[in-house]
Amino acid sequence: MSGPRLGFVLPLFLLSLTMPAPAAAQTPDAALAHARALLRSTPLIDGHNDLPWEIRRAEGHPRDVAAYDLRTRAPKHTDLERLKQGQVAAQFWSLYIDGEMKDSGYARVQLEQFDIARRMIARYPDRLALALTAADIERERRRGRLASLLGMEGGHAIENSLGALRSYYALGARYMTLTHNVTLDWADAALDSARHGGLTEFGREVVREMNRLGMLVDLSHVSPAVMSNALDVSEAPVIFSHSAARALVDHGRNVPDSILARLTGNGGLVMVTFVPQFVSNEFKAWQETADAARKKLGSTISDSAEQRRRMEDWEALHPAPSATLEQVADHIEHVRKVAGVDHVGIGSDFDGIDHVPVGLEDVSRFPDLFAELIRRGWTDADLKKLAGQNLLRVLRQAEATAARLQREREPSTKTIEQLDQGKTTS
Ligand SMILES: [Zn+2]
């Protein structure tokens with residue numbers, strides 16, 4: 001149905017007596033009450049939150065999960081009280097690692113991020129629980145604990161090793177974003193040079209091995225050619241853990257319509273993100289100017305503290321425009337229109353962003369987004385798919401694919417030297 005629904009707030013016949021038209025009944029409070037009731041009846045699963053990286057770099061107490069106390073109000077967007085207000089049932093904690101660092105092994109930092117996330121989850125056994133499967137998410141929801149899933153952000157972490165990939169799966173990783181912002185030996189990043197024109201043969205083997213393990217292939221951050229190659233190879237549904245629609249904002253991190261259209265056949269989904277420069281054209285333009293100013297400062301001032309201070313001055317003179325909750329809703333509706341309602345989800349990127357859309361300031365605000373979609377006429381059935389049912393289906397399909405592939409073949413022992421010899425420039 002396309003009209004707004006308020007059935008459980010007031011019986012419809014009463015509503016027709018008290019309200020001139022259903023649309024007029026969709027006051028902000030009524031829609032929010034509807035959203036809150038809906039999210040009590042179905043799990044809300046967010047695809048991307050960078051809290052483990054915030055804990056890693058916390059000022060004064062880096063990597064200290066005790067000092068970064070989630071029972072008190074945290075400095076950024078995420079803590080236990082606000083997760084509860086936001087009715088979040090399951091969270092993919094991003095195990096992001098910097099792709100630009102040169103001074104320490106990627107694998108070491110990746111392992112430290114597993115350690116931080118797992119210590120964080122273990123610290124609140126009454127509120128958080130590690131989840132590895134779709135069944136775990138549903139069980140923890142019944143127990144009233146937030147199902148905590150782990151997603152790696154950046155294939156550089158495997159250091160070109162399928163053995164490392166399998167070890168990360170054993171530590172709990174249930175998705176891996178193939179690249180971050182730096183092109184790898186086997187895959188092109190969206191915001192870096194297209195060195196390979198997509199995935200190399202080893203890159204395709206990474207996707208095949210992820211399918212065999214049951215680790216979701218995350219295509220946020222990769223080039224459109226890698227998206228396309230991964231869709232060719234993957235036998236399981238793929239995800240975009242935090243991206244938006246390129247037709248609305250032409251940013252390299254967003255998903256083109258041609259790829260959205262292929263999700264129907266693949267079964268995968270775009271978890272629409274709240275990152276201001278991906279959802280708002282005005283913000284994207286501002287971000288480009290800010291990036292240019294930062295680059296110019298970097299070329300003339302070497303002291304990073306001074307650079308930061310000067311950038312604060314710049315921002316005071318050039319205030320950022322506001323992205324909005326309504327723009328995020330527009331991207332969700334675009335993905336629904338092109339890919340279909342079975343292929344859309346939510347991937348906030350809270351704690352990974354410095355600016356937030358008006359109306360989506362932190363993890364407590366998810367119900368407001370659902371309220372907006374209710375006012376736009378979304379049915380409960382569609383809202384439940386968006387909230388978490390689509391992701392649960394994707395996880396189950398990936399688990400079934402892995403079970404089949406594990407019967408069919410052994411773990412891959414292929415190396416990048418064997419598969420890509422003479423084909424890459426690195
Ligand atoms: Zn990211």
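## The zinc site

His 242 is buried, at 1% relative accessibility; buried means under 20% relative accessible area, exposed over 50%, and partly exposed in between (1.4 Å probe, protein chains only). This is a predicted model, in which local features need pLDDT of at least 70 and side-chain atom pairs count only at pLDDT 80 or more, while totals for chains, interfaces and linings use all residues. Residues are numbered from 1 along each chain as its sequence is written, and side-chain values use heavy atoms, with hydrogens and water left out.

The zinc ion has as its protein donors Glu 153 (OE), His 221 (NE2) and His 242 (NE2), which lie 2.0 to 2.2 Å from it. Donors are N, O and S atoms within 2.8 Å of the metal (3.2 Å for Na, K and Ca); water is not among the atoms, so sites may look incomplete. Along the sequence, the donor residues follow the spacing E-x67-H-x20-H. The two histidines link distant parts of the chain: His 221 is in the loop between strand S6 (216-218) and H10, and His 242 is in strand S7, 21 residues apart. Helices (H or I, at least four residues) and strands (E, at least two) are DSSP runs, numbered from the N terminus. His 221 is also buried, with a relative accessible area of 6%.

## Helix H11

Helix H11 spans residues 257-266, and its buried residues are Ile 259, Leu 260, Leu 263 and Asn 266. These residues are on the same side of H11 because they cover an arc of only 110 degrees around the axis, the arc being that of the directions from the helix axis to the C-beta atoms. Exposed Ser 258 and Gly 265 are carried on the face turned away from the buried side of H11.

The cover over the buried residues of H11 includes helix H10 (224-233), strand S7 (239-243), strand S8 (269-272) and helix H15 (325-339).

## Helices H9 and H17

Helix H9 (residues 201-213) and helix H17 (residues 380-408) have axes that come within 6 Å and cross at roughly 105 degrees. Axes are lines fitted to C-alpha atoms, for helices over the stretch in contact, and angles run from 0 to 180 degrees between N-to-C directions. H9 and H17 are therefore roughly perpendicular to each other; angles under 35 degrees count as roughly parallel, over 145 as roughly antiparallel, 65 to 115 as roughly perpendicular and the rest as oblique.

Asn 211, Arg 212 and Leu 213 of H9 make the contact with Thr 401, Ala 402, Leu 405 and Gln 406 of H17, where contact means heavy atoms within 4.5 Å.

## Gln 110 in helix H6

Gln 110 belongs to helix H6 (residues 106-123) and is buried, with a relative accessible area of 0%. Apart from its neighbours within four places in sequence, Gln 110 is in contact with Leu 95, Ile 97, Met 152, Ala 157 and Tyr 168.

## Residues with positive phi

Most residues other than glycine have a negative phi. Gln 87, a residue other than glycine, has a positive phi near 60 degrees. Gln 87 is in the loop between helix H5 (80-85) and S2 and counts as buried at 15% relative accessibility.

Glu 159 is not a glycine either, yet has a positive phi of about 45 degrees. Glu 159 is placed in the loop between strand S4 (146-153) and helix H8 (162-170) and is partly exposed, with a relative accessible area of 42%.
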